[in-house]
Amino acid sequence: MFLSCAQKKSSESFTAMNTFMTVSVYASSSKKGDDVCRQIQSRVEELEQILSTTLPSSDVYFINQNSKLPSSIKSELGSLLDFCGQMYEKTDGAFNPSLYPVIKEWGFTTGEYKVPSDDVIQKLLLNIDFSKLKGLESGADIPSGMEIDFGAVGKGYAADEALLILQENGIKSALLDFGGNIQAVGKKPEGSLWKVGIKNPWDGQVACALSVESKAVVTSGGYERFFEKDGERYIHIFDPATGHPSQSDLESVTIVCESGKYADALSTALFVMGKDKAVAWWKNQMAEKALPAFDFILITKGGELIYSAGLSGFIEPIYQFDSIKIVSLN
Ligand code: AMP
Ligand code: MG
């Protein structure tokens, strides 16, 4: 549909969930657009109050401190626990929101980075079976030593919630940037596709441009947060199988699909899987139609660009990649 040029742009930036967020909305009036931006900001702040690992009043903080679920589970928490349980299962544990104690031990929560001993890591790995949370009722105990962290999915979930607000308000064109998690709503007001830049992991410039309509575009990259010690780089994305920062052959994974929470969870999971497993896993899931359809862009440490065929014609490489490969289902 072609929107009239009378659409007014409203924009709001704020910090929430530890990131800088910008919401741009095109509405029939500035008043309407400003109001929608404010509603989205409030909703994100409300979600942060539930999901934060550090706010003492949050539900996640309560769970982690008391090793039990709250006596009344808010719908947001319940739906995220269910969704994460599903993704944990489907990704064979590559996506695991119960790595928090491991991530803390490496210093990623405080910035006091260190490489823990094998003994310590092995002990912490005894408590990361996220499937143990499945079907637990409100107030139920969770395994002792387990702590959860929705850092790999929260922003995507928040974008889905923001999308609902946009829909309720009849907004047909908007762009949400939740700390690099992009949710493009509809097309640009004048009818063209939204153009989203995928970061070059090596120099922070744009590696490729992607044109989208009504899609979440979410990237997980080792370059986003890491520390270096003795010439080794330790990134913030962890391999649950080892309790160490992922050493996958990927620099970044971008997922493109309708839902922010899927895109967010999957970008983290495919990063951990590494190139070959991620591609094989995608083929399997798409063939079985076990998950909503999604596309991917992998940038490998070896300088390759690999993307799924659904993005052909919508992706424009800007960086001189050593090779470009398009993966189709058959
Ligand atoms: P993202 O940027 O969405 O890939 O999320 C990365 C964040 O999720 C990290 O900073 C950790 O807090 C957490 N995390 C790290 N590794 C994993 C994992 N394998 N599964 C789930 N969450 C993770
Ligand atoms: Mg993620």
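**Group meeting: a walk through the model**

Let's start with A6: apart from its neighbours within four places in sequence, A6 is in contact (heavy atoms within 4.5 Å) with A27 and S28. A6 is partly exposed, at a relative accessible area of 49%; here buried means under 20%, exposed over 50% and partly exposed in between, using a 1.4 Å probe and protein chains only.

A quick word on ground rules. This is a predicted model, where local features need pLDDT of at least 70 and side-chain atom pairs count only at pLDDT 80 or more, while totals for chains, interfaces and linings use all residues. Residues are numbered from 1 along each chain as its sequence is written, chains are lettered from A and ligands numbered from 1 in the order in which they are written, and side-chain values use heavy atoms, leaving out hydrogens and water. Helices (H or I, at least four residues) and strands (E, at least two) are DSSP runs numbered from the N terminus, and two strands pair if DSSP finds at least two bridges between them.

Now, the sheet. It is open and mixed, with 9 strands in the order β1-β2-β3-β4-β7-β12-β13-β14-β16. β1 (8-16) and β16 (323-327) are at the edges with a single partner strand each, so one side of each has no neighbour in the sheet. β1 pairs with β2 (residues 19-27) in the antiparallel sense over 9 bridges, and E12 has V23 in β2 as its bridge partner.

What lies across these strands? Helix α1 (residues 30-51) lies across β1, β2 and β3 (173-178), at about 20 degrees to β1. Helix α7 (residues 260-273) lies across β4 (181-185), β7 (215-221), β12 (250-257) and β13 (295-300), at about 155 degrees to β12. Those angles run from 0 to 180 degrees between N-to-C directions, with axes fitted to C-alpha atoms, for helices over the stretch in contact.

Which protein atoms are donors to the magnesium ion (ligand 2)? They are A152 (O), D264 (O), D264 (OD) and T268 (OG1), lying 2.1 to 2.5 Å from it. Donors are N, O and S atoms within 2.8 Å of the metal (3.2 Å for Na, K and Ca), and water is not among the atoms, so sites may look incomplete. D264 and T268 are both in α7, 4 residues apart, about one turn of the helix, and both are buried.
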